[in-house]
Amino acid sequence: MDPESASSTRDSKLKLYTTTLCLAYQSFGVVYGDLSISPIYVYKSTFSGRLRLHEDNDEILGVLSLVFWTLTLIPLCKYIIFVLGADDNGEGGTFALYSLLCRHAKVGLLSTFHASDDNASFYNSGPSLKETRSSSILKQFFEKHWSSQIVLLLFVLLGTGMVIGDGVLTPSMSVLSAVYGVKVKIPNLHENYTVCIACVILVGLFALQHYGTHRVGFLFAPILIAWLLSISGVGIYNILHWNPRIVSALSPYYAYNFFKETGKDGWRSLGGIVLCITGAEAMFADLGHFSQISIRLAFTLFVYPCLILAYMGEAAYLSQHKEDLQSSFYKAIPEVIFWPVFIIATLATVVGSQAVISATFSIISQCRALSCFPRVRIIHTSNQIHGQIYIPEVNWILMFLCLAVVIGFRDTDMIGNAYGLAVIIVMLITTCLMFLVIVMVWKRTILVAITFVIIFGSIELLYFSACITKVLKGGWVPIVLSLIVLFFMSIWHYGTLKKRSFELQNKVCLDTLLTLGRSLGINRVRGICLIYSNVVSGVPPMFAHFVTNFPAFHEILVFVTIQSLTVPKVPAEEQVLVSRIGSPEYRLFRCIVRYGYRDVRKDAYAFEGHVLNSVAEFLKGNSDGCVESGAYGGEMTVIRQPSSQLVDAVIRQPENGAATGTSRRKVRFSGVGFNKEVEELEAAREAGLAYMMGNTCVMASETSSYLKKFVIDIVYGFLRRNCRRPATSLGVPHTSLIEVGMVYRV
């Protein structure tokens with residue numbers, strides 16, 4: 001081998017190892033916070049019910065055995081080995097699985113597909129696999145039964161609602177459990193004080209969200225590492241000091257014996273044991289910020305051993321101190337290091353809560369991009385780290401709900417019941433979606449998918465059956481929260497689909513508009529107008545409505561459609577599609593801008609420059625081609641990364657030789673070849689730029705049922721009135737905006 005190539009290979013390998021280790025280190029502060037703080041409340045929640053009647057060593061060893069095998073089978077085997085491999089171009093989470101199914105199997109209702117997407121690189125992320133009989137049958141089933149696609153979407157939205165519910169329950173459970181540790185040293189402290197302290201911490205946590213996690217993010221990983229080292233060190237001490245024979249509890253025999261001795265009471269206690277895997281879903285949901293190998297390394301080599309040692313140590317302590325079952329975690333800490341560990345525990349709960357809150361913001365952003373959530377303000381808190389966002393409206397709603405849960409329940413046992421049910425439902429949904437991915441995306445036999453479901457689904461169903469019995473003891477909270485979220489998300493998506501369907505059905509053919517224009521005597525005024533709509537062919541009804549009432553428009557029109565695709569990211573060089581509408585003398589263009597559900601949208605000025613520069617690039621290379629006629633089907637050109645951005649310079653020149661200070665605005669598309677149309681585009685841009693959008697009122701038709709009128713007129717209307725307006729959401733300057741009022745009867 002050439003010495004230079006060998007050196008280059010070593011350098012690339014060293015860089016890969018360094019990057020992986022760096023990502024693994026960073027993942028501690030983002031991914032594992034929720035999972036790592038579970039030892040604080042698992043044993044307390046497990047022994048909070050009728051299991052208190054069974055306080056022998058066999059029951060304690062049985063609980064430890066169940067915790068060990070649950071951690072081994074669900075996070076280690078299911079997520080680390082299998083689920084992490086079902087990423088969507090590096091992104092994870094419930095929507096990533098649904099996105100895979102939407103693209104590979106065409107079973108989703110969120111797909112926004114254009115003919116030009118066929119050869120797009122973001123839709124061809126891997127080698128095509130041979131279709132199997134099982135995948136063909138499932139695809140045909142979903143294609144034949146449209147109702148099955150609706151059920152699948154509702155299933156995904158339910159999982160999303162549960163994840164958002166976690167954003168309420170995790171901070172409440174974690175912070176309150178940590179604060180209750182004070183009562184170990186101050187037993188006479190009234191409950192009101194601990195609740196008040198927890199509320200103060202929660203208010204502070206949510207009040208600091210607008211600063212962004214990147215400002216304190218460098219502290220998160222060291223805190224979690226210190227926490228894991230602390231609980232594993234305490235665990236080793238307790239094992240050696242109290243009961244070294246506790247290691248034998250790792251045998252599955254003790255789990256079997258646990259159910260044999262405790263019976264129905266042991267089955268009910270599974271609602272507490274399931275809390276040991278809270279946060280396991282975050283390993284998949286936060287995959288987009290890291291890599292598969294970094295998450296696998298961090299969990300397998302550090303997090304998993306530390307958690308096992310912590311649970312073993314606590315069980316060893318309990319085997320000799322059965323009277324401390326309700327405060328075993330803090331009682332098991334040696335006196336000398338109690339306060340340092342307590343402080344680290346409080347900080348760790350804040351870090352774990354922060355990770356879940358950030359994940360909630362992220363999934364709401366994805367839902368909003370795919371038209372499944374009302375328009376809310378999204379603030380990107382970091383220019384360097386992708387995905388760190390802040391949503392003010394959601395932040396304050398989460399804070400209010402967290403305070404309501406803490407003040408209303410005041411009891412970690414009841415919050416734990418709610419928490420466990422939310423966690424296990426999300427995992428069951430992931431298992432069901434994985435069944436479809438294995439068959440329809442990975443093209444494995446249905447036997448492999450059934451084996452996956454039997455092994456992991458049966459365990460999760462067992463836990464679910466125990467959690468569902470506690471609905472009246474706090475378990476109703478995540479169900480109510482998720483159903484409320486599902487209700488509003490479904491109605492928003494339904495109303496948006498009806499609105500777009502109306503626009504497609506009532507779009508105007510270009511030939512019709514031009515014929516109408518001649519009869520109305522339409523005038524063309526100087527300047528450019530960007531017309532926003534959801535129509536990808538023809539003329540949107542809003543513009544036709546404007547022309548019939550005001551027969552004049554700008555000399556250059558660009559119909560802009562923003563599409564959100566079921567892919568995480570669209571490469572910058574493939575984001576823009578441009579075509580000409582009609583013959584060149586009309587100066588009409590269509591521009592489709594495509595974003596993935598995790599793409600960062602450009603601000604108004606950058607977006608304006610991007611669109612106009614793309615049109616200039618189109619004119620440079622396609623002066624007469626790619627004409628979209630009045631009918632649908634015109635080919636569109638993918639505008640690769642523009643050679644430069646729009647240069648907009650203001651140069652003050654004296655008019656008529658006098659230094660009057662009158663300003664003249666000159667625009668140049670740098671790097672774009674000049675021809676007559678490009679010069680006209682520049683001149684029009686100098687004359688001014690306007691934005692046109694529809695200010696629509698969506699109402700159910702008079703023949704609609706009462707249910708549809710309630711959904712569209714009342715609920716959907718309420719959401720539209722109270723969410724951010726489209727112009728505000730897109731950052732369109734108010735002074736340049738033309739809004740066209742129109743009523744849509746859907």
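This is a short walk through one predicted model, from the overall fold down to a few single residues.

Let's start with the whole chain. The protein has 746 residues, and 55% of them count as buried. Its secondary structure comes to 27 helices and 12 strands.

Next, the cores. In soluble globular proteins, nonpolar side chains tend to be buried together. Here, the largest nonpolar core holds 165 residues. Which residues have the most contacts inside it? They are Y32 and W227. Which helix gives the most to this core? That is α19, residues 412-440, with 19 residues. There is also a second, separate core. This one has 33 residues, including L510, F543, I712 and V740.

Stay with W227 for a moment. I leave out residues up to four places away in sequence. What remains is a list of partners: S36, I37 and I40, then F329, then V341, I344, A345 and A348.

I40 comes up again with our next residue, S177, which touches it. S177 sits in helix α7, residues 146-179. Is S177 buried or exposed? Its relative accessibility is 6%, so S177 counts as buried. Beyond residues up to four places away, S177 touches I40, Y41, Y330 and T412.

Now two helix pairs. Two packed helices are described by the angle between their axes and the distance between the axes.

Pair one is α17, residues 338-369, with α18, residues 392-409. Their axes come within 11 Å and cross at roughly 130°. That angle makes α17 oblique to α18. The crossing is right-handed. Who makes the contact? From α17, it is T360, F361 and I364; from α18, it is V394, N395 and L398. By class, that gives 4 nonpolar residues, 2 polar and no charged ones.

Pair two is α24, residues 604-621, with α25, residues 676-687. These helices pack at about 160°, with axes 9 Å apart. Angles over 145 degrees count as roughly antiparallel, so that is the label for α24 and α25. This crossing is right-handed. On the α24 side, the contact uses E608, L612, V615, A616 and L619. On the α25 side, it uses E677, V678, L681 and R685. By class, we have 6 nonpolar residues, no polar ones and 3 charged.

So what does each contact hold besides its nonpolar residues? For α17 with α18, there are 2 polar residues. For α24 with α25, there are 3 charged residues.

Last stop: a loop. N534 lies between strand β3, residues 523-532, and helix α23, residues 541-549. How accessible is N534? The value is 27% relative accessibility, so N534 counts as partly exposed. The cut-off for buried is under 20%.

Which residues does N534 contact, leaving aside neighbours within four places in sequence? They are K499, R500, E503 and T561. Take T561. In sequence, N534 and T561 are 27 residues apart. In space, their C-alpha atoms are 5.4 Å apart.

To recap the residues. N534 is partly exposed, in its loop. That's the tour.

How values were computed
Residues numbered from 1 in each chain as written. Predicted model: local features only at pLDDT ≥ 70, side-chain atom pairs only at ≥ 80, totals over all residues. Heavy atoms only, no water. Axes fitted to C-alpha atoms, helices over the stretch in contact; angles between N-to-C directions. Helix = DSSP H or I, 4+ residues; strand = E, 2+ residues; numbered from the N terminus. Parallel < 35°, antiparallel > 145°, perpendicular 65-115°, else oblique. Left-handed = near helix turned anticlockwise from the far one by under 90°. Contact = heavy atoms within 4.5 Å. Nonpolar A, V, L, I, M, F, W, Y, C, P; charged D, E, K, R; others polar. Core = buried A, V, L, I, M, F, W, Y, C linked by side-chain atoms within 4.5 Å. Buried < 20%, exposed > 50% of the residue type's maximum accessible area, 1.4 Å probe, protein only.
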